[in-house]
Amino acid sequence: MSGRMRAAPRDWGQASCVVAQAYFPHELRPVGDANEPRLTLRTLDLGPVLIGHVGWGADVAIECDYPSAYEVNMPITGHLESRGRFGELTSVVGQGTVFRADTPSLISHWDATCTVLGVKFDSYWLEVETERILGTDRVNTRALLPEQLSLERGRGRAWHHLITSLATNLHDPDLFADSELVRRQLAGAVAAGLLEMCCPDGGVAAAAQPRTIRRVVEALHDD
């Protein structure tokens, strides 16, 4: 749900529970001599898309399976170290780390100065949107999304600006709460921007059709 913390968590267990309720269940481990969290957490709920600011205020490591959702974490400050399919990966300002749904992942070092702008996508919804936007059910969303995004130029920069502009509403998280139509349209724009940025041919189909509609049309032709 959209919102912000009512009170700062007093210990690591509370901090972990607060973030798990907004994002994912996870295993949190302080790194070094951090005595207590200084958690930053604000979220904006767009239905199948959740946008938020998250920072722990201390060096931590996190293990997470990202159940039923994709996540993109873009550092606003500091850096984020993780272990991906092809080895160690570090994202700084101007980059984003992509975590795949239902995949065990390790953030080996979320540094104390790092606050991320995070975007969470419901996995089933994003996969359906991929088919609809790209006009084919032969695209594997997992394969389409890279491990790291470049956000400093081109479509990456445009998408980052879109997310940043939506994030200005984190201080007023109920702004779109009473309009399902607005939330749905904004979530669609966020997904379309991400897919267009990652699409191998640099664009999307002009007349995309959902898989179910395409199958009905094919069945009519066969008949």
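This is a predicted model: local features need pLDDT of at least 70, side-chain atom pairs count only at pLDDT 80 or more; totals for chains, interfaces and linings use all residues.
Colleague: How many helices and strands does the chain have, and what makes a run count as one?

Modeller: Helices (H or I, at least four residues) and strands (E, at least two) are DSSP runs numbered from the N terminus, and the chain has 6 helices and 12 strands.

Colleague: Why is Leu-126 called buried?

Modeller: Buried means under 20% relative accessible area, exposed over 50%, and partly exposed in between, with a 1.4 Å probe and protein chains only; Leu-126 has a relative accessible area of 0%, so it is buried. This residue is found in helix H2, and, leaving aside its neighbours within four places in sequence, Leu-126 is in contact (heavy atoms within 4.5 Å) with Tyr-70, Phe-121, Thr-141, Leu-145 and Ala-191. Of the 223 residues of the chain, 45% count as buried.

Colleague: What makes a group of residues a nonpolar core, and which residues have the most contacts inside the largest one?

Modeller: A nonpolar core is a set of buried Ala, Val, Leu, Ile, Met, Phe, Trp, Tyr and Cys residues joined through side-chain atoms within 4.5 Å. The largest such core has 34 residues, and those with the most contacts inside it are Val-49, Ile-51, Val-119, Phe-121, Leu-149 and Trp-159. Strand S4 (49–55), S6, strand S11 (115–122), helix H2 (123–134), helix H4 (154–167) and helix H5 (180–198) each supply at least two residues of this core, and H5 gives the most, with 7 residues. Beyond its neighbours within four places in sequence, Trp-159 has contacts that include Val-72, Met-74, Val-190 and Leu-194.

Colleague: Which loop holds Tyr-66, and is Tyr-66 buried or exposed?

Modeller: Tyr-66 is in the loop between S5 and S6, and because its relative accessible area is 4%, Tyr-66 is buried. Its phi is near 50 degrees, a positive value in a residue other than glycine. Most residues other than glycine have a negative phi.

Colleague: Why is Ser-68 called partly exposed?

Modeller: Ser-68 has 42% relative accessibility, so it counts as partly exposed. Ser-68 lies in the loop between S5 and S6, with a positive phi of about 60 degrees although it is not a glycine.

Colleague: How do you know that a space is a cavity, and how many did the search find?

Modeller: On a 1 Å grid over the protein atoms alone, a cavity is a set of points where a 1.4 Å probe fits but cannot get out, and lining residues have an atom within 4 Å of a point. The search of the whole structure finds 1 cavity of 30 Å³ or more.

Methods:
Residues are numbered from 1 along each chain as its sequence is written. Side-chain values use heavy atoms; hydrogens and water are left out. On a 1 Å grid over the protein atoms alone, a cavity is a set of points where a 1.4 Å probe fits but cannot get out, and a pocket is an open set with protein on both sides within 12 Å along at least five of seven lines; lining residues have an atom within 4 Å of a point. Grid points are joined across faces, edges and corners, and a volume is the space filled by probe spheres set on the points.
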